[in-house]
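Trainee: Hi! Could you walk me through this one? I'd like to ask things as they come to me.

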Amino acid sequence: MERVRKADKTQDILRQCLAKCHAEGSLTPDGLVPLEPIFELFSKELFACCRQDVRQREFQALMKRSPLVIELLQPEPDRREYRVDLGKLLLAEAEETEKEQKVVGRDPVKSAKLSSKASSLIAGIQQCALTRHESDEDLTALVVKLKHVTTVSRSVNLDYKLSDKGCIVCRLDLQSAQQVHQHYREKHGLSLKIKPDGKELRKAKTKLEVSMRFDQCQLNSTVKIRNCKPVALTVASVYIYHNRFQLYTIREQSIELEPDESRGFLVPNNLFKKNTLKYSLLLVYRDPNDINEYIEQHHISVAEVSSASKQGKVTKEVRIRPGNLDNYLPTDKLTELITNNLQISLEPSISETILLDAIRHLCTTDHATRLTPANYCNMLEIMIHVHDLNVQLDLAEFKAEDTPLIPTGKTRQYRVNLADFDAPLTKLSLGDNVFVTVEEPKKGRLEVRGNLALIQPDYLIIELNRKLEEECRGQVKLLPDRLICRLELHALDLVRRYQLAPLFFPQEAPKQLQNLKEIDSWFNPRLNDNTEQQTAVLNIANRTSYPLPYILFGPPGTGKTTTLVEAIVQICMRNPTDPILVTAQSNAACDELAVRLLHYLAPKTVYRFFSRSIEKRLEDIPDQLKQISNLADGVFQWPAWETLYKTRVIVCSLTVCGRLVQGNMKPNHFKHVFIDECGSASEPATLVSLAGLVSKHRRIPASVVLAGDPHQLGPVVRSELAEHMGLGVSMLERLMNLPVYQKDPQTHKYNPLIITKLLRNFRSHEALLRFSNQRFYENELIALAPPEEVNFALNWSYLPN
């Protein structure tokens, strides 16, 4: 019985995937679909739903058993195609939709099981999930161009209304989707050719000026039309014609365009994929003083960005494209539990009890033992969702209903006074999403989104995605940016898939290598007399800790970054072909590492990979970093795969590491991973740079170095409950609490093969070090800061006695 249920579930997922391919145009009018795209989509959906992988051979057997598949075709030896019965597919989708509607009709209170507060919270999370980053999926390396093709006139027929099974050119209604496909293919061709015949369709001159602004960092692009004639025009409808014989409605409500007046329409970016065929923008409009109406066609061509090679030829650069990233919405039960402050219902379900027990376990168990290889992924997942929900709840309380949006002088940036909010704003973070609703005299009610650019004690600076009219007032709501949360949850999925959890709970140190390759000279002369730094660099370069992570820790000013840079340079000289990933929690730390590496390595061997958010502070980035980064052309661009694979050292933030995983970078490419500031990164954030990026089944095929200090400020956690559960404990701190990383009880020393404590401080005055040295570092620190640097303010009259 269980096997039958599982088979039915698998067939349902396959049906949904085929329906999605049909909606996106991947199925031909004859129902043909290649093996690769449907297998890739099915694999993702199956893993997301059942946490189960599938091999291509198993998928082919599933397709043979499916009642929706008519036949298997093999036009080439290495190419397979399947013919799908479109009639059965559409009927199955309709029956499923009707079944869902009937279920809802039988149980009208089903949607009321959640409290209104929890329901609004889920709605806010879903709204937040669609912001800012989804447009990066397939559009980052595309260029879209608009070109006028033809304008034809025909007699007005106000009684005809275009249906979903009609032809816009012939004004003909058909019986089925297959007939529509056949009509368009035979009558108008693959790319929709509108040919004047001198009778029904007559060639005419255009009366509109049409332009398109393709904005690859947003969900929508803008089509702008302007009336360039001295008389008013009525635009009846706007459509996009898809190359698979599908017509997408952009606007069907008539609008009046006065002479020289312009109007804009939003076109979803997900309609545009790279294709050899052109899309068509179709506008239907008329002159109120004329008996004719006009159909105007513009071709929309979509292509990848190309660049000129050194030989002067045009070559295609295949750029990284972050792929699909699941929204990873929390379950209804967990949402209800957090919304009700951990109060369960009078008759709790089994899932509610399990969730509450898990939260209690995390809050009451010692942080050294709360995580185990068995519960690692599940417990971290609950922590992330609890943090996400708490932040959502905090920000949901703060809303400004009618506040002035004061221009700051910078494009699309506005000042909002905190006094206008319902409650005092706390726990804000730069990058939080902002949703603004305004009323404009000409355009009516508008909803604009943006993000939080600056936080001040009495006001906020928000940056919107479009410019507003002067002296505008509106409603302002805040929602957190969920990208990091989703990347962390995706990393946990990959930990499950590759079964990596036991690797983060090492029990034994590796044995001493027989033949250590000594280092003859140091690139940084400061290491000449520093035994601890020399030991760390020697062991890191020889991979003595593998497969365990190597830990380098010490207070500020002890030379952790100096040691990392020296180790990276030594590896580059020793193993010239080993690719290295250098990452950190903050962009500032990544910049510092990249600048220091350029003192010893050629610029062509280092690549600084910035995220899109860096565009806001372009002027703060040193020119030497811009020249070796994806900002080399003055604007943000996703880098080419060739650049990433050929450059020796990649420097990027932990979040950008998640984008590399999304782009399907080879999971065994990097041989070394250096993570600086690891003590200030949460454990899930650290996993983003490892899971899927340096992962194989049950092993990590790269040496990993974690640098930081567990006694400094830890990860920034915006939820007290999540911090109490353990989200504020970094991977560095948790590993250092394991017996394998602690001091030997007999020698009272760390094992230098896997961990090094830096003792010599070159930054602070001895008096400033005294407290922390006694409290945290066992009186082992040695103050070696130059006297001229730490004593320059002594006897200064402005200092108190």
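Trainee: Which side chain does Glu 401 meet in a salt bridge?
Mentor: The partner is Lys 399, and the N to O distance is 4.0 Å. A salt bridge here is a side-chain nitrogen of Lys or Arg within 4 Å of a carboxyl oxygen of Asp or Glu. Side chains of opposite charge can pair when their charged atoms come close.

Trainee: And where do these numbers come from?
Mentor: This is a predicted model, in which local features need pLDDT of at least 70 and side-chain atom pairs count only at pLDDT 80 or more, while totals for chains, interfaces and linings use all residues. Residues are numbered from 1 along each chain as its sequence is written, and side-chain values use heavy atoms, with hydrogens and water left out.

Trainee: Back to that pair. How accessible is Glu 401, and how accessible is Lys 399?
Mentor: Glu 401 has a relative accessible area of 44%, so it is partly exposed. Lys 399 is partly exposed too, at 25%. The terms work like this: buried is under 20% relative accessible area, exposed is over 50%, and partly exposed is in between, using a 1.4 Å probe and protein chains only.

Trainee: How many salt bridges does the structure hold?
Mentor: It holds 18. One of them joins the side chains of Arg 226 and Glu 209, at 3.1 Å from N to O. That pair links distant parts of the chain, 17 residues apart: Arg 226 is in strand E9 (residues 220-227) and Glu 209 is in strand E8 (residues 208-213). Helices (H or I, at least four residues) and strands (E, at least two) are DSSP runs, numbered from the N terminus.

Trainee: What about helices? Which residue pairs with Glu 381?
Mentor: Arg 496 does, with 2.5 Å between N and O. Arg 496 itself is partly exposed, because its relative accessible area is 24%. There is also a network of salt bridges, which links Arg 154, Arg 171 and Glu 293.

Trainee: What kind of peptide bond joins Tyr 546 and Pro 547?
Mentor: A cis one, with omega about 10°. Pro 547 is in the loop between H12 and E24.

Trainee: And which loop holds Leu 516?
Mentor: The one between helix H11 (483-498) and helix H12 (531-541). Beyond its neighbours within four places in sequence, Leu 516 contacts Asn 539, Asn 542 and Thr 544.

Trainee: What is the phi of Arg 698?
Mentor: Near 65°, which is a positive value in a residue other than glycine. Arg 698 is in the loop between H18 and strand E29 (703-708), and it is exposed, at 53% relative accessibility.

Trainee: Last one: what pLDDT does the protein chain average?
Mentor: It averages 81, and 82% of the residues score at least 70. pLDDT is the predictor's confidence in each residue, from 0 to 100. Over residues 129-141 the pLDDT is below 50, although that stretch has 52 contacts in the model beyond near neighbours in sequence. Residues 305-315 also stay under 50, with 13 contacts beyond four places in sequence. Where pLDDT is low, the predicted coordinates should not be read in detail.

Note on methods:
Contact means heavy atoms within 4.5 Å.
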